[in-house]
Amino acid sequence: MSTRVKTYLNNQTHPAPLAVFRIGFGVMMLLSILRFWWNGWIETLYILPKFHFSYYGFEWIKPIGDYTYLIFAVCGISAFLVAIGLKYRIAIIAFFLSFTYIELMDKSAYLNHYYFISVLSFLMIFLPANAYFSVDNLLKKKTYTAIPKWTIDSIKLLVGVVYIYAGFAKINSDWLFKAMPLKIWLPSKYDLPFIGNSFMQQEWFHYAMSWSGMIYDLIIPFLLITKRTRWFAFGLVVFFHVFTRVLFPIGMFPYIMIVTTLIFFDADFHLRILNVFRKLLKPFRVYSENLKTQIYHCKKQKLVLPIITLFFVFQITFPFRYLLYPNELFWTEEGFRFSWRVMLMEKMGNTAFKIVDSETGHGFLVDNSDFLTSFQEKQMSFQPDFILEYAHYLGDHFKSQGHKNVQVFAESYVALNGRLSQPYIDTRIDLYKEKESFRSKNWILPFHDEIKGF
Amino acid sequence: MIKNIALVFGLALIMGCSSTDDSDKGGSGTDDFDRSALLKNLADNIIIPAYQDFGPKLTTLKGSIESFVATPNQSTLEAARKNWLIAYKAWQHVEMFNIGKAEALNEYYYFMNIYPVTVSDIENGVSTGNYDLNTPNYHDAQGFPALDYLLYGVAADDAGIVAKFTSDPKAEGYKDYLTDVINRMDNLTQQVITDWTSGYRDQFVNSSKNTATSSLNKFVNDFIFYYEKGLRANKIGIPSGVFSTTPLADKVEGYYNQEVSKALTLEALNAVQDVFNGKSFNGSTTGASFKTYLEYLKVDRNGQNLSAIINAQFNEARTKIEGLNSNFSKQIVTDNTKMTVAYDALQRAVVYLKVDMVQAFNISVDYVDADGD
């Protein structure tokens, strides 16, 4: 290890930013879980469906009936404990595990920002986020005046990776030169006050939004990290995320990002926030003046640093795995998820399955609504791994019903970013014989077009 | 350096957000498409006129059934049959409008056109006088399909059918059942028409936002649902065995009449295409419609507007259907592949409507209730 790295790792900084981050993260997560519960989505997404789409290798993770609520309860309670900093390490581990379990239960509900939460909470397991302004301080009767600087920087790095990769993903011909999919999405916001009937209908505005979105994602981490531009950058963050919240149904994500970017500010700023909290807590007579103060030393730094290094190597390389697949990424979606490709595509499909007796050649079409919720059907219709998994489910189902020599064929049409719907799956392939793997799926029909770029 | 980038970006953003005019360069429409006009055209020139055509025809049918019940003979039977077909054809123009009162009645069309009928339910009702047409159990024992059975299929020939209403020991039961069916159809229809003409029209026309419950979005969903289920699946797909291991020739519409299944299907397809193009029910003028909306949005695919592609697909499906036997049951028995070819042509349009058109409209669909990203 070079001396520069060593010096960097020994740099200390005030723990206030990490404490504020911990509180903000915990509160946002608690609100997210409550909102999810309140909207009845636990029921509609995880309890009602007869069948759940699994991630390859995680087929064993399923909703557990009414006990699914318990997982959400664990997740919400641990988020609260994280916020107040009580038994922080156990709480953040419980949060990471329960949240990730929830995300793995059904991939129909995959969202990049859920993945972001999982990844971020994993990183937080290794950070001393309870070193300051936490209940743990009160219990242990000591607080810390300094923590290693790299702990705060690691969160900044992760946020930077997310933004920059999201920006890179926007450097493609559909986004920049066709203003797709914004050209489809924005005109439909015609009922927004003031801008709905004007800007939203203008082609130049669709292009302006596409380009500025790309530039925003690419440069915002640098603007945030530079002291002189920080407030300006934060203003942009607020504007950008509130604007996207107005336009699109993206739930809590914009607020989570706004709170997250506060980490870029200096300790003074966070101390002022904490002073506000202190004033609010005054009626509760919490006395923290008598705590012993000391400098935080990461006892297991030798173990933690390699883990965090590996974590970032993974984060930086994994989104590029699509390069290993020969076909158009947006069309086959091989390597699309877990890569910060956010709001890049308007893709819809219609997929019908035919169950055929290979001996007699007789067959019949399946009514998808007999097996899937409309939300699942919508997701299944344009994603090959969903189509394959569902084909196997149907094959197994009809086999168990006594059908003989079962073959499963799919007739699928998919439309991507304003192109006419076109055949998606080779109708001659018996999907019941095809196995899921990381290999390229040769039964996806060619795209007949090219989207240049990342 | 970073300061410069920030400056450029900031300027770009300010320019992007502040200039209010000089915006026509891209050739994109400066006027907003008036979705309310689309709804007005639908309501005033298509939906209400279609109901006002159907309502009196159904009342005429009711009158001729009353005459038949009063004096059952060959000529009153034929008059009732003639008016049955006239009303059934007019029905094809309103079945898709499952919105407003029609929806509030727990699906008006459930009481009007669920087929095949369950003959045993009708016969039991006739024998015992014990039936409740208001309940879901009797969805498939009333409406046009029940009239089809009672006027065409209750006995092997016309003399036998008239006998069922005269000399048969259960003649009174048949008369009561027939009367109850047509009265119920007429009653529900009057309720739907009254609702449209006394207030609902304004509510329908003014609800043009892009939300899951706006009439515009609901109408688009209902329209596609009808085309996919009521037309494609019920009239052609199910009888030709697309959804079953073997063809089901007895599941055609107007099964007992034996010669109108094609005519009814063509009528329905015309109705669908006219709604798509915004063509007035009474006349040939066209107004704001899905077609003009797609044109406004410049939804060009492979060198032509999506509306042209969809119309071409409707026309292709029509040609395929026109080549079928006027009695689909017969067609299924003699050469079912022609039926499945017609099905495929109809199905391709489902994809154009459900995927391409809905995507272009970017409709907030009612069934997807979760965050996006």
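A:Asp357 stands opposite A:Val406 in S6(A). Strand S4 (residues 347–357) and strand S6 (residues 406–416) of chain A pair antiparallel over eleven bridges; pairing requires at least two DSSP bridges between two strands. Helices (H or I, at least four residues) and strands (E, at least two) are DSSP runs, numbered from the N terminus.

This is a predicted model: local features need pLDDT of at least 70, side-chain atom pairs count only at pLDDT 80 or more, and totals for chains, interfaces and linings use all residues. Residues are numbered from 1 along each chain as its sequence is written, chains are lettered from A and ligands numbered from 1 in the order written, and side-chain values use heavy atoms, without hydrogens and water.

**Four-stranded sheet**
- The sheet is open, antiparallel and ordered S5-S4-S6-S7 (chain A).
- Strands S5 (363–365) and S7 (422–423) of chain A are at the edges with a single partner strand each, so one side of each lacks a neighbour in the sheet.

**Aromatic pair in chain A**
- The ring centres of A:Phe95 and A:Phe99 are 5.5 Å apart with planes at 25°, so the pair is stacked.
- Rings of Phe, Tyr and Trp (its six-membered ring) pair with centres within 6.5 Å; planes under 30 degrees apart are stacked, over 60 edge-to-face, the rest tilted.
- Both residues, A:Phe95 and A:Phe99, lie in helix H5 (residues 88–105) of chain A, four residues apart.
- A:Phe95 is buried at 1% relative accessible area, and A:Phe99 is buried at 7%.
- Buried means under 20% relative accessible area, exposed over 50%, partly exposed in between (1.4 Å probe, protein chains only).
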